[in-house]
Amino acid sequence: MKEFIPEKAFIDSASLEYETGKRVLNFLEKYNVPISFTNRVKIEGDTPIEKYANSKRTIFLTLSKEKKLRPCSPSADFQFSLTRSCPGLCEYCYLQTTQGERPYIRIFANIEDIFHVIQKHIDDNDEKKTTFECSSITDPIPFEAMTGSLKAAIEFFGKNKNGRLRFVTKYHMIDNLLDIPHNGHTTFRFSINTEKVIRDFEHNTSSMEERIRAAGKVCDAGYPLGFIVAPIMRYPGWKTEYEEMMYLLSRYVSEKDRVISFELIQHRYTETAKKLIYSRFPKTKLEMNDEKRKLKWGPYGKFKYVYKKEESEEIKQFMTLLVEKYFQNGKVEYFT
Ligand code: SF4
């Protein structure tokens, strides 16, 4: 994955009153991206596959109207967004079922307004630490060269007494975030997986090695750091490949008395997601055979298919052992 440059852009003119809006416009002009100045986003395509793929290459520069932030339990108190959707084409992505037929990328220009809303939520929380997640409906990294918004957010939280930020990414383009005053108030998390899982299912994202090298730089820059290993899949040779991944990680990430957190998530799917995945990726190699799975009631009111009990237990034990073997200060936050 190189720098993300959209193929088409739609711009709400009101967004050009903001510095971020002007910066995005400069970027688009520099790369000769075709622009339409309208609020009506049109996505070409006759089939679900075409609509989906074209959406992921299209941006809409607009304004965030969010005044009241949604809770984000259990990972943070609230969630906010600088962008929505992403250029990734991960076959299993849970956002597939929540962002409709045309998940085009929204970029919010009014970051000052977003920070104002965040500050209000912090002030309303009586001097307690308040945590915010900014990657619930997006991956914030691919847009950094275009917007600089995440850098601004990290600096905002760096100065903030009680606000804390966290996010997760599958991308490696993090160099503009290394030398900034984060003050340890932002937790950087990388979503990692074996090279095979990334190659087969996480199209248009950074490779395993790119993510791991980026994590090493983030660690050296003093950020609190964690990893989401997800979705963990069983396939011939899975144990060897997950061990190779952990070994590589331990080579690049030096702990220096710091806790490195690990969130372990086994592969799962819902009936709705399965249908959508087959319509968008008809040749998918994702293993979604209901008979080989166990039904589990999910927190969002839907049944999901996870690995059977013995298999799931084996994943948990094996991955926990790897964390213990390669990271003296590794902490498994949870396995699900
Ligand atoms: S990068 Fe993250 S948000 Fe984007 S498609 Fe992949 S899993 Fe979904």
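Predicted model: local features only at pLDDT ≥ 70, side-chain atom pairs only at ≥ 80, totals over all residues.
Residues are numbered from 1 along each chain as its sequence is written, and side-chain values use heavy atoms, with hydrogens and water left out.

Start at the ligand. Around it stand Lys56, Cys86, Gly88, Cys90, Cys93, Leu95 and Lys170; a residue counts as near if one of its heavy atoms lies within 4 Å. The shell has 4 nonpolar, 1 polar and 2 charged residues. Here Ala, Val, Leu, Ile, Met, Phe, Trp, Tyr, Cys and Pro count as nonpolar, Asp, Glu, Lys and Arg as charged, and the others, Gly among them, as polar. Cys86 counts as buried, at 14% relative accessibility. Buried means under 20% relative accessible area, exposed over 50%, and partly exposed in between (1.4 Å probe, protein chains only).

Now the cysteines. The model has 0 disulfides, a disulfide being a pair of cysteine sulfur atoms within 2.5 Å. Cys72 is in no disulfide, and its nearest cysteine sulfur, on Cys134, is 10 Å away. Cys72 is also buried, at 9%.

Arg166 lies in strand β10, residues 163-169; strands (E, at least two residues) are DSSP runs numbered from the N terminus. Its relative accessibility is 19%, so Arg166 counts as buried. Leaving aside residues up to four places away in sequence, Arg166 touches Ser75, Ala76, Phe132, Glu133, Cys134, Thr187, Arg189 and Glu263. Contact means heavy atoms within 4.5 Å.

Turn to the rings. There are 21 aromatic pairs. Rings of Phe, Tyr and Trp (its six-membered ring) pair if their centres lie within 6.5 Å; planes under 30 degrees apart count as stacked, over 60 as edge-to-face and the rest as tilted. Phe156 and Phe157 pair edge-to-face, 5.2 Å between centres and 90° between planes. Both Phe156 and Phe157 are buried. Trp297 and Phe303 are also edge-to-face, at 4.7 Å and 70°. Trp297 is exposed at 54%, and Phe303 is partly exposed at 45%. Elsewhere, ring pairs join Phe167, Phe188, Phe190, Tyr223, Phe227, Phe262 and Phe327 into a cluster.

The charged end of Lys196 sits over Tyr235, 5.5 Å from the ring centre. That of Arg293 sits over Tyr307, at 4.0 Å. The rule asks for NZ of Lys or CZ of Arg within 6 Å of the ring centre and within 35 degrees of the ring normal.

Definitions and conventions. Helix = DSSP H or I, 4+ residues; strand = E, 2+ residues; numbered from the N terminus.
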